[in-house]
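Dear colleague,

Please find below the structure that I am handing over to you. My notes on what was found in it follow directly after.

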Amino acid sequence: MIIKDLHIHTKLSDGKLTPEEVYSLAYAKGYQAGISDHCGEGSFQINGNDQFEQYLNALEGLPVLKSAELDLGTKVSISRELLDRCDYLIGGVHSIGDLNFFDSEARLPPSAVLINKMLDLIEIKARQHRFDILAHPGLLPLKLRPAAGRILDKEWSQRLIALALKYDFALEINSRWELPYPEIVSDALAAGARFSLGSDGHCRETACRLDYSLAMVKELNIPEDRMFQV
Ligand SMILES: [Zn+2]
Ligand SMILES: [Zn+2]
């Protein structure tokens, strides 16, 4: 099986590497690279048809898979026609309303409310954008991450898995954040969900580092036909 790292960032959004450098890194490891820069509102993200077309043009001709990580908590203003020029699309939750998950000072709603809002957002955007892969399932605001194992309860993971099946998106096994947790991957596997592997790498040290993702595939014996096919 050819290992595919389907979640890598470049200088075209907030990464440090050029697309060519990402390709060389992946090639050296024998991996196939999928470039999925951030798209949506926000200073470092690609948004609008003109910017997105420039992004696609920058990847044209390189032997990499073309993708985009749509920022589901913001407005992605890119036409369906342009998005469809990607080989696949990723959706990722990094904020809900005013709550930025990377703001350590953010005021938080009760965690039960927050995790349900996260699933509501995923469902609304799955209908709207038809993404193929959900990035880092279960990523929480910074302050909540130490308690994530307790917060992301069985009811939450069952609803997440049901959404993945209903809207036919793969659950990414993300090595940067080591998500989703093994129990969730295991439940999703039993339920018939599909998976993809992503380093979520932004620099030379982290791009194509798939330690957690590959460990999950091995430990849980995830068969190839349950991996997302590009
Ligand atoms: Zn992300
Ligand atoms: Zn990412």
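In these notes, a donor is an N, O or S atom within 2.8 Å of the metal, and because water is not among the atoms, sites may look incomplete. With that cut-off, the donors of the zinc ion (ligand 2) follow the spacing H-x1-H-x59-E-x130-D along the chain. Please bear in mind that this is a predicted model.

The zinc ion (ligand 2)

The pattern above corresponds to His7 (NE2), His9 (NE2), Glu69 (OE) and Asp200 (OD), which are the protein donors of this ion and lie 2.0 to 2.2 Å from it. What is the arrangement of the four donor atoms around the zinc ion (ligand 2)? It is irregular, because the angles that these atoms subtend run from 81 to 170°, whereas a tetrahedral arrangement would need all angles to lie between 85 and 135 degrees. Glu69 counts as buried because its relative accessibility is 0%. Asp200 is buried as well, with a relative accessible area of 3%.

The zinc ion (ligand 1)

The protein donors here are Glu69 (OE), His94 (NE2) and His136 (NE2), lying 2.1 Å from the zinc ion (ligand 1). Along the chain they follow the spacing E-x24-H-x41-H. Which residue bridges the two zinc ions? It is Glu69, and the ions lie 3.4 Å apart.

Backbone features

Most residues other than glycine have a negative phi, and most peptide bonds are trans.
- His136, the zinc donor already mentioned, has a positive phi of about 25° although it is not a glycine. At 3% relative accessibility, His136 counts as buried.
- Cys208 also has a positive phi, of about 65°, and is not a glycine. Cys208 is found in the loop between strand 9 and helix 8, and it counts as buried because its relative accessibility is 0%.
- The peptide bond from Leu179 to Pro180 is cis, with omega near -10°. Pro180 is located in the loop between strand 8 (170-174) and helix 7.

Helix 6 and helix 7

The axes of helix 6 (residues 154-166) and helix 7 (residues 182-191) come within 10 Å and cross at roughly 45°, so helix 6 is oblique to helix 7. Their crossing is right-handed. On the side of helix 6, the contact is made by Lys154, Trp156, Ser157, Gln158, Leu160, Ile161 and Leu165; helix 7 contributes Ile184, Asp187, Ala188 and Ala191.

Thr74

Finally, Thr74 lies in the loop between strand 3 and helix 3 (80-83). Is Thr74 buried or exposed? It is buried, because its relative accessible area is 14%, and the cut-off for buried is under 20%. Leaving aside neighbours within four places in sequence, Thr74 is in contact with Gly40, Glu41, Gln45, Ser95 and Lys125.

Yours sincerely

Key: Residues numbered from 1 in each chain as written. Chains lettered and ligands numbered in written order. Predicted model: local features only at pLDDT ≥ 70, side-chain atom pairs only at ≥ 80, totals over all residues. Heavy atoms only, no water. Donors = N, O, S within 2.8 Å, 3.2 Å for Na, K, Ca; no water. Tetrahedral: all angles 85-135°; square planar, octahedral: opposite > 155°, others 65-115°. Buried < 20%, exposed > 50% of the residue type's maximum accessible area, 1.4 Å probe, protein only. Axes fitted to C-alpha atoms, helices over the stretch in contact; angles between N-to-C directions. Helix = DSSP H or I, 4+ residues; strand = E, 2+ residues; numbered from the N terminus. Parallel < 35°, antiparallel > 145°, perpendicular 65-115°, else oblique. Left-handed = near helix turned anticlockwise from the far one by under 90°. Contact = heavy atoms within 4.5 Å.
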